[in-house]
Amino acid sequence: MADTYGAVDLRTALQRMRRGGGLPVAFGGLFEGTRQFRIAELAGTATQVLVGLTITTGNGLGGKAMALSRPVCVADYPASRVISHEYDAAVAAEGLRCVLAVPVVVRRRVRGVLYGALRQPMALGDRTLSVAVEAARELEQALAVRDAAQDEARRVVAATSHPSEADPAAWEEVRAAHGELRALAQRVHDQALRHELLAALGRLAAAPPGAAAARTPEPPIGVELSPREVDVLACVASGATNATTADRLGLRPETVKSYLRSSMRKLGAHTRLQAVVSARRAGLLP
């Protein structure tokens with residue numbers, strides 16, 4: 001799943017549900033079409049029976065959460081009368097009883113569902129529900145960033161005289177690698193080597209995505225971001241949440257937020273998405 005759109009962010013959200021919400025089992029998936037998705041990621045399961053299970057709008061717990069665009073929970077899945085039971089065999093094979101489903105909604109469109117589950121029947125507390133919803137919100141934010149990156153790539157392609165020279169999908173791989181290398185550069189102890197690596201990444205950031213794409217920098221006058229601010233924006237641009245960015249860069253989540261606020265202020269941006277777009281136009285990010 002590492003090469004699938006949003007897979008890393010989905011995995012991070014599921015782990016957050018398990019760690020912070022006290023849910024030993026978590027799983028979920030993102031839409032590939034308009035009315036259904038497949039369970040693609042598992043965490044804490046005893047079997048692989050749920051992998052690839054197709055969830056359709058209105059069917060089962062996840063389908064109901066999709067239809068209502070809000071979290072739905074049942075204290076005892078097999079005995080519940082508020083959901084349909086198309087997926088009982090798979091749920092029983094995994095031994096799940098209490099199950100929670102939280103829809104992932106981006107721009108008013110359901111993009112997937114996160115599930116958390118227990119192997120005994122019981123009602124979930126408010127904290128567990130709160131953590132699960134927050135995990136879904138972070139995933140929504142990450143997907144919104146990825147969407148904005150793709151939109152920007154398409155805009156650049158549309159502006160070139162030879163669009164075939166700029167492949168948006170390939171350029172997204174370049175952007176992801178750029179963010180990973182900036183994070184790795186901070187672990188290089190040789191200062192001269194680290195500076196050389198960062199200089200090379202700077203040249204990559206300033207390069208247009210295609211030989212014919214003439215990108216004119218549009219930074220606010222006098223803007224200069226610190227290396228750490230660029231590091232944080234590079235992670236955000238790849239779709240990483242604040243928590244994931246903190247892990248990659250060896251920082252505290254509060255520090256990541258501080259760098260992000262500072263870079264947004266310097267770039268005249270009101271949202272993290274605007275900051276990423278402004279940094280790209282300024283030649284600070286690829």
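Residues are numbered from 1 along each chain as its sequence is written, and side-chain values use heavy atoms, without hydrogens and water. Because the model is predicted, local features need pLDDT of at least 70 and side-chain atom pairs count only at pLDDT 80 or more, whereas totals for chains, interfaces and linings use all residues.

**Exercise 1.** Determine how helix 7 and helix 8 are oriented to each other, and which residues meet.

Step 1. Helices are DSSP runs of H or I with at least four residues, numbered from the N terminus. Helix 7 spans residues 227–237 and helix 8 spans residues 242–249.

Step 2. Axes are lines fitted to C-alpha atoms over the stretch in contact, and angles run from 0 to 180 degrees between N-to-C directions. For this pair the angle is about 125°, with the axes 9 Å apart.

Step 3. Angles under 35 degrees count as roughly parallel, over 145 as roughly antiparallel, 65 to 115 as roughly perpendicular and the rest as oblique. Helix 7 and helix 8 are therefore oblique to each other.

Step 4. Contact means heavy atoms within 4.5 Å. R228, D231, V232, C235 and V236 of helix 7 meet T245, R248 and L249 of helix 8.

**Exercise 2.** Classify the angle between helix 8 and helix 9, and list the contact residues.

Step 1. The two axes come within 8 Å and cross at roughly 105°.

Step 2. Helix 8 and helix 9 are therefore roughly perpendicular to each other.

Step 3. From helix 8, N242, T245 and A246 meet P253, V256, K257 and L260 in helix 9.

**Exercise 3.** Describe the largest cavity by its volume and its lining.

Step 1. A cavity is a set of points on a 1 Å grid over the protein atoms alone where a 1.4 Å probe fits but cannot get out; lining residues have an atom within 4 Å of a point. Grid points are joined across faces, edges and corners, and a volume is the space filled by probe spheres set on the points.

Step 2. There are two cavities of 30 Å³ or more. The largest cavity has a volume of about 120 Å³.

Step 3. Its lining has 16 residues, and F27, Y77, Y87, V91 and Y115 lie nearest the centre. Helix 2 (residues 60–68) supplies the largest share of this lining, four residues.

Notes. 1 Å grid on protein atoms, 1.4 Å probe; cavity = no way out; pocket = protein on both sides within 12 Å on 5 of 7 lines; lining within 4 Å. Helix = DSSP H or I, 4+ residues; strand = E, 2+ residues; numbered from the N terminus.
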